[in-house]
Amino acid sequence: MGSEPTVNVVLAEDGVLLREGLVGLLERFGFHVAEAVGDADALVAAVHRHRPHLLVTDIRMPPTHSDDGLRAAVRLRAELPGLAVVALSQYVVQDYAAELLDSPAGAGLGYLLKDR
């Protein structure tokens, strides 16, 4: 009996409580969180360091508290087309979803509202 391969994840969320809660939830369901970070610069460094299968990122985060997480995710997908991305947001913003969906073809994409 073989076990399923572990999915390595980098998580980027500036809210400490939500970040730690997501780490616990992901690990409970069998994902390996390689690193959890709180800003877009650390997100880029963590993805380069760990080369995860999946990036889960908040859209709005430091350093500018605008769309830094989204911009980092789009840039990383251009560099690493096999990187799957799930973007988290408090708001439905069609432009954010469209920008992520327009990023280079590759692995899967997701856009989730935090309160869902």
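I began with the loops and placed Arg51 in the one between H2 and E3. The model is predicted, and I read every value below as computed from it.

I looked up the backbone of Arg51 next. Its phi is near 45°, which is a positive value in a residue other than glycine. I noted this because most residues other than glycine have a negative phi.

I then turned to the loop between E3 and H3, where His65 has its place. Phi of His65 is near 60°, again positive although the residue is not glycine. Pro63 is also in the loop between strand E3 (54–58) and H3. I checked the peptide bond from Pro62 to Pro63 and found it cis, with omega near 20°. I recorded this bond because most peptide bonds are trans.

My next entry concerns the helix pair. Helix H2 covers residues 40–50 and helix H3 covers residues 68–79; I found them packed at an angle of about 25°, with their axes 9 Å apart. The crossing in which H2 passes H3 is right-handed.

Which residues make the contact between H2 and H3? From H2 I listed Ala40, Leu43, Val44, Val47 and His48, and from H3 Asp68, Gly69, Ala72, Arg75, Leu76 and Glu79. I sorted the residues of this contact into six nonpolar, two polar and three charged.

I went on to the largest nonpolar core, which has 16 residues. Within this core, Val10, Leu43, Val47, Leu55, Leu76 and Leu83 touch the most other members. Strand E1 (8–12), H2 and H3 each supply at least two residues of the core. Which element gives the largest share of this core? I found that H2 does, with five residues.

My last entry is a second, separate core of 11 residues. I noted Val23, Val33, Ala84 and Leu88 among its members.

Conventions:
Residues numbered from 1 in each chain as written. Predicted model: local features only at pLDDT ≥ 70, side-chain atom pairs only at ≥ 80, totals over all residues. Heavy atoms only, no water. Axes fitted to C-alpha atoms, helices over the stretch in contact; angles between N-to-C directions. Helix = DSSP H or I, 4+ residues; strand = E, 2+ residues; numbered from the N terminus. Left-handed = near helix turned anticlockwise from the far one by under 90°. Contact = heavy atoms within 4.5 Å. Nonpolar A, V, L, I, M, F, W, Y, C, P; charged D, E, K, R; others polar. Core = buried A, V, L, I, M, F, W, Y, C linked by side-chain atoms within 4.5 Å. Buried < 20%, exposed > 50% of the residue type's maximum accessible area, 1.4 Å probe, protein only.
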